[in-house]
Amino acid sequence: MKNIQKNLLEKIKLIRMVEEEISNKYFENKMRCPTHLSIGQEAISAGVCLAINNNDYVVSTHRSHGHYLAKGGNIKKMIAEIYGKETGCSNGYGGSMHLIDKNVNFMGSTAIVGNSIPVGVGLGVAAKLKKNKKISTIFFGEAATEQGVFYESLNFAALKNLPILFICENNLYSVYSSLNERQPKKRSLKNISSSMGVESIKVDEINVHEIYKITKKYAAKVRRTNKPVLIEFMTYRYREHCGPNNDDNLRYRKRSEINKWRNKDPIKVFEKFLLKNKIVTKEEILNIEKKIYSNVKSAFKYAEKSMFPSPRNAFKNIFAD
Ligand SMILES: Cc1ncc(C[n+]2csc(CCOP(=O)(O)OP(=O)(O)O)c2C)c(N)n1
C-alpha cells in the first residue's frame with residue numbers, strides 16, 4: 001500500500017512540475033504549439049492510470065500531458081514533441097495536443113473535442129474481438145458530453161458490451177463558458193448514462209489514493225463483465241484554458257470558487273494526508289522533488305538539443321490526400 005501511495009505522489013508531482021516548467025519556459029517561444037495545462041487536475045490522471053494495467057489502452061484530449069505521463073509516457077519524448085522535434089513521441093509533427101505512444105498503449109490525443117471517444121470505443125471493440133482482457137480508458141472533458149459523438153459512442157459501447165472505462169473530467173468550464181451557460185440545471189451525466197444501460201458514478205474526491213481505489217474497483221468490473229462504466233470526476237483547472245498563464249483577471253470564474261478549489265489542491269491535500277499518517281517524511285518528499293526536478297531539466301535540455309524533423313519526411317504517415 002505504501003508503495004502505491006508513493007507512486008501516486010510521484011506521479012502528481014511529476015505532472016505538476018513538468019507543466020510548471022512548460023509554463024516558465026513558454027515565453028522563450030521555442031515551444032510553438034498551443035498547450036493546455038492540467039495543473040489542478042493531476043489526481044485524476046495519476047489515480048486512473050495507475051489503477052489500470054500497463055497494457056490497457058488510453059486515449060485522451062487536447063489536455064493530455066497528465067494522462068500521457070501517468071500512463072508511463074516518456075517525459076523526454078513528450079517535451080521534445082512540444083518543441084516540435086523529431087525525437088518527440090509523434091516525431092515532432094503533432095505537438096502538445098497530438099501525443100501518441102504505442103509503447104505504453106497511449107493510443108493518441110486529439111484537438112477536436114470528443115474526437116477521441118469513438119477511437120477509444122474502437123479499441124474496446126478490438127480488445128473484445130481479440131479476447132486479450134485489455135480495457136480501453138477514454139479521457140474526456142465534460143464539454144465533450146455535449147457532442148453528438150459522445151451519445152453514439154456510449155450507445156454503441158452499451159449495445160456491444162465493450163470493455164471501456166469512460167472517464168469524464170468535469171472542470172466546470174468549456175473555455176470561458178460555465179456549466180450553467182451550457183447545460184440545463186437538472187442534467188445529470190449519471191442519469192444519461194444509466195438510461196443507456198451504462199453504469200455510472202459521480203465522484204467529488206480530491207485524494208488521489210481514493211481516486212485510484214475507485215478506479216481500480218470499476219476497472220476490475222469492466223474487465224470481468226466486458227461492460228462499460230462511466231466515472232465523472234469533479235475537478236478544476238488552475239491556469240487559463242489554453243496557454244501558460246493565469247487568467248483569473250478575466251473574472252469568468254468567481255474568486256470564491258477559485259479559492260474553494262485552491263484550498264483543496266490535490267497535491268497539498270495528498271502530502272498532508274501522507275505526512276499525517278506517517279507514510280512519507282518531509283525529507284522523502286524533498287528527495288522526490290529533487291529527482292523529478294533533475295529529470296524535468298534533462299528532458300528540456302534533450303528537447304532543445306534535438307533536431308527538427310526533416311521536411312523530406314513531411315508527407316510520411318499521411319493517410320488521406
Ligand atoms: C469539435 C470542437 N469544438 C470546439 C473546439 C474548441 N475547443 C477546444 S477545447 C474546448 C473546451 C473543451 O472543454 P472540455 O471538453 O470540458 O475540456 P477542458 O478544456 O475543460 O479540459 C473547446 C470548445 C474544438 N477543439 N473542437
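Predicted model: local features only at pLDDT ≥ 70, side-chain atom pairs only at ≥ 80, totals over all residues.
Visitor: What makes R251 exposed?
Guide: R251 has 9 other C-beta atoms within 10 Å. Residue numbers start from 1 along each chain as its sequence is written.

Visitor: Where is R251 found?
Guide: Look in the loop between β8 (229-234) and α10 (255-263). Helices (H or I, at least four residues) and strands (E, at least two) are DSSP runs numbered from the N terminus. R251 has a positive phi, near 65°, and is not a glycine. Most residues other than glycine have a negative phi.

Visitor: How do you know whether V175 is buried or exposed?
Guide: Count again: V175 has 9 other C-beta atoms within 10 Å, so V175 is exposed. V175 sits in the loop between β5 (173-174) and β6 (177-178). Its phi is positive too, about 55°, although V175 is not a glycine.

Visitor: Why is I231 called buried?
Guide: I231 has 25 C-beta neighbours inside 10 Å, which puts it in the buried class. I231 lies in strand β8. Leaving aside neighbours within four places in sequence, its contacts (C-beta atoms, placed from the backbone, within 7 Å) are I167, I201, V203, I214, T215 and Y218. I231 and V203 are 28 residues apart along the chain, with their C-alpha atoms separated by 7.2 Å.

Visitor: Why is α1 called roughly antiparallel to α11?
Guide: The axes of α1 (residues 2-25) and α11 (residues 266-276) come within 10 Å and cross at roughly 150°. Angles over 145 degrees count as roughly antiparallel, under 35 as roughly parallel, 65 to 115 as roughly perpendicular and the rest as oblique, so α1 is roughly antiparallel to α11.

Visitor: Which residues make the contact?
Guide: Q5, L9, I12, K13 and R16 of α1 make the contact with P266, I267, F270 and L274 of α11.

Visitor: Which residues are closest to the ligand?
Guide: The closest are R63, V113, G141, A143 and S174, and 14 residues surround the ligand, each with its C-beta atom, placed from the backbone, within 6 Å of the ligand.

Definitions and conventions
Axes fitted to C-alpha atoms, helices over the stretch in contact; angles between N-to-C directions. Contact = placed C-beta atoms within 7 Å. Buried ≥ 20, exposed ≤ 12 C-beta atoms within 10 Å, placed from the backbone.
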